[in-house]
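Please look over the structure shown below before reading the briefing that follows.

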Amino acid sequence: MSEERGDSVSMSDVVIRSTENGPNLVIVDRKVVQAWCRCGGSTLMPFCDGTHKKNGFMAKTHEVKVR
């Protein structure tokens, strides 16, 4: 996830955002590229399939910036 610009390398901005009562969103350069399951019920692990809406999963939001 790097891009060369002249003599230096520019890294992409990567954020993992845990949504309220939902999945972890992987955001690269302000674009959501994946949604990871947090409820443990997805049939598409490690990706979210929306099961959290049916199984009563509850969790707070959190955000981590990857450097």
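Is H62 buried or exposed? H62 is exposed, because its relative accessible area is 52%, where exposed means over 50%, buried under 20% and partly exposed in between, with a 1.4 Å probe and protein chains only. This is a predicted model, in which local features need pLDDT of at least 70 and side-chain atom pairs count only at pLDDT 80 or more, while totals for chains, interfaces and linings use all residues. Residues are numbered from 1 along each chain as its sequence is written, and side-chain values use heavy atoms, with hydrogens and water left out.

**Overall fold and surface**

- The chain has 0 helices and 6 strands, these being DSSP runs numbered from the N terminus (helices are H or I of at least four residues, strands E of at least two).
- Read from the N terminus on, the order of elements is β-β-β-β-β-β.
- Of the 67 residues of the chain, 27% count as buried.
- Among contacts between residues at least 6 apart in sequence, 29% join residues at least 24 apart, a contact being heavy atoms within 4.5 Å.

- H62 lies in strand β6, and, leaving aside its neighbours within four places in sequence, H62 is in contact with I16, R17 and S18.
- H62 and E20 are 42 residues apart in sequence, yet their C-alpha atoms are 8.4 Å apart in space.
- K31 lies in strand β5, which covers residues 31–36, and K31 counts as exposed because its relative accessible area is 56%.
- K31 and V14 are 17 residues apart along the chain, and their C-alpha atoms are separated by 9.3 Å.

**The largest pocket**

- The largest pocket holds about 180 Å³ of space. On a 1 Å grid over the protein atoms alone, a pocket is an open set of points with protein on both sides within 12 Å along at least five of seven lines, whereas a cavity is a set where a 1.4 Å probe fits but cannot get out, and lining residues have an atom within 4 Å of a point.
- Grid points are joined across faces, edges and corners, and a volume is the space filled by probe spheres set on the points.
- The pocket lining consists of D13, V14, V15, R17, I27, D29, R30, K65, V66 and R67, and it divides into 4 nonpolar, no polar and 6 charged residues.
- β3 (14–18) and β6 (62–66) each supply at least two residues of this lining, and the largest share, 3 residues, comes from β3.

**The cavity and the cysteines**

- A search of the whole structure finds 1 cavity of 30 Å³ or more, and the largest cavity has a volume of about 30 Å³.
- Residues lining the largest cavity include C37, C39 and C48.
- The structure holds 0 disulfides, a disulfide being a pair of cysteine sulfur atoms within 2.5 Å.
- C37 is in no disulfide, and the nearest cysteine sulfur, that of C39, is 3.8 Å away; for C39 the closest cysteine sulfur is in C37, and this distance is too far for a bond.
- C37 counts as buried because its relative accessibility is 15%.

Methods
Nonpolar A, V, L, I, M, F, W, Y, C, P; charged D, E, K, R; others polar.
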